[in-house]
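Here is my note on the structure. Please read it with the model open beside you.

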Amino acid sequence: MYTVRQAGVDDLPGVRAVARRFGNLGGWPQRPDYLDRELANGRLLAGFAGDDVTGFGATFVRGGLLHLADLFVLPEHQSSGLGRALLSALLPRDAPRVTFASSDPRALALYVRQGMRPVTPLMYLRGPLAALPDPGLRPADASVEEIADLDADASGGRRTADLAWYAGLPGVSAHRVGDGYAMVRETAGGLLVGPAGGRTTRACADAVLAVLARFRSAGTARLCVLGPNPLLPLLLEARFTIADLDQFLSSGGDPVALDRYLPHPDLG
Ligand SMILES: CC(C)(COP(=O)(O)OP(=O)(O)OC[C@H]1O[C@@H](n2cnc3c(N)ncnc32)[C@H](O)[C@@H]1OP(=O)(O)O)[C@@H](O)C(=O)NCCC(=O)NCCS
């Protein structure tokens with residue numbers, strides 16, 4: 001009943017219509033957005049009922065690690081096997097893989113059956129910058145080349161081309177603080193932080209806090225924080241709120257440094 005294939009440019013409006021149904025493009029008011037990047041990378045699959053796009057899925061690659069970034073099926077087509085078909089086409093057997101799963105039991109069940117296990121919650125935090133401590137460190141503007149090693153170490157694999165693409169978007173900048181780094185995007189809704197991380201837990205926290213202090217005039221910030229990261233209690237004490245909650249799943253081997261890596265919500 002459903003067919004699954006690599007999406008082409010002509011399929012993108014249909015894919016976008018599905019993504020919009022789930023509010024996925026709220027953080028991307030202008031093109032190019034992360035769906036353009038998934039398409040350009042050749043890692044965007046569309047699912048069809050006849051000629052109509054009814055679902056899609058996509059991955060980003062970091063070295064040998066696959067990040068499952070998207071899996072969405074229109075509500076009227078859910079629970080009919082399309083999600084499972086997209087997933088098995090997206091994920092080659094035995095490749096190390098991670099994802100952020102929603103609370104939909106079908107997503108969790110499919111991912112566990114595809115070799116992943118829930119590891120820790122991932123919290124999407126949003127809050128005011130005014131009350132945060134300033135570590136007194138000055139972030140240096142950095143090129144993608146200057147942060148690529150740190151990002152690979154913390155995130156589980158190298159993705160210099162994706163970082164360079166992101167760094168080229170309006171409002172995006174990269175910063176280094178000692179052995180830590182952070183990419184940020186200045187948006188109308190405040191500062192979006194991530195990916196960010198460091199060689200040590202402390203280097204990660206210092207880099208993120210230093211960048212938040214530097215961009216204090218943005219008013220508010222959004223960050224994705226994994227359960228073991230010590231920034232989590234600090235941000236909640238400073239009255240950040242949990243805007244959304246996913247589960248981080250991994251196929252094993254601890255590829256992502258849970259206590260010293262803050263992913264980007266869509267790029268992983
Ligand atoms: C999650 C989603 C992509 C799955 O796609 P789908 O086409 O609905 O799912 P499928 O029909 O292919 O598979 C669902 C599986 O979950 C199983 N399932 C359903 N409810 C379950 C439950 N409560 N516990 C365990 N397994 C369950 C079904 O048995 C089915 O497996 P089977 O086909 O082997 O029997 C889709 O439902 C969706 O878009 N949900 C909303 C958006 C979302 O949360 N996406 C995930 C982002 S991480």
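1. Domains. The model is predicted. The protein chain falls into two parts: domain 1 spans 2-95 and domain 2 spans 123-243. Taken over C-alpha atoms, the centres of domain 1 and domain 2 are 27 Å apart.

2. Where the domains meet. How many residues of domain 1 are in contact with domain 2? There are 8 from domain 1, and they meet 9 residues of domain 2. On the domain 1 side, strand 3 (residues 52-62) gives the largest share, with 3 residues. By class, that side of domain 1 has 3 nonpolar, 3 polar and 2 charged residues.

3. Confidence. Mean pLDDT for the protein chain is 97. Residues at 70 or more make up 100% of the chain. Which element has the lowest confidence, and which the highest? Helix 8 (residues 231-237) is lowest, at a mean of 97. Strand 13 (residues 261-262) is highest, at 99.

4. A helix pair. Look at helix 5 (residues 144-155) and helix 6 (residues 160-167). Their axes come within 10 Å and cross at roughly 130°. Helix 5 is therefore oblique to helix 6. The crossing of helix 5 past helix 6 is right-handed.

5. Residues of that contact. Helix 5 contributes Val144, Ala148 and Asp151. Helix 6 contributes Thr160, Leu163, Ala164 and Ala167. Sorted by class, the contact of helix 5 with helix 6 has 5 nonpolar residues, 1 polar and 1 charged.

6. Backbone points to check. Most peptide bonds are trans, and most residues other than glycine have a negative phi.

7. Pro32. The peptide bond from Arg31 to Pro32 is cis, with omega near -5°. Where is Pro32 placed? Pro32 lies in the loop between helix 1 (12-21) and helix 2 (34-40).

8. Pro195. Gly194 and Pro195 are also joined by a cis peptide bond. Omega there is about 0°. Pro195 sits in strand 10 (residues 190-198).

9. Asp94. Asp94 is not a glycine, yet its phi is positive, at about 75°. Asp94 belongs to the loop between helix 3 (82-90) and strand 5 (97-101).

Conventions: Residues numbered from 1 in each chain as written. Predicted model: local features only at pLDDT ≥ 70, side-chain atom pairs only at ≥ 80, totals over all residues. Axes fitted to C-alpha atoms, helices over the stretch in contact; angles between N-to-C directions. Helix = DSSP H or I, 4+ residues; strand = E, 2+ residues; numbered from the N terminus. Parallel < 35°, antiparallel > 145°, perpendicular 65-115°, else oblique. Left-handed = near helix turned anticlockwise from the far one by under 90°. Contact = placed C-beta atoms within 7 Å. Nonpolar A, V, L, I, M, F, W, Y, C, P; charged D, E, K, R; others polar. Domains from an automatic or database assignment. pLDDT = per-residue confidence, 0-100.
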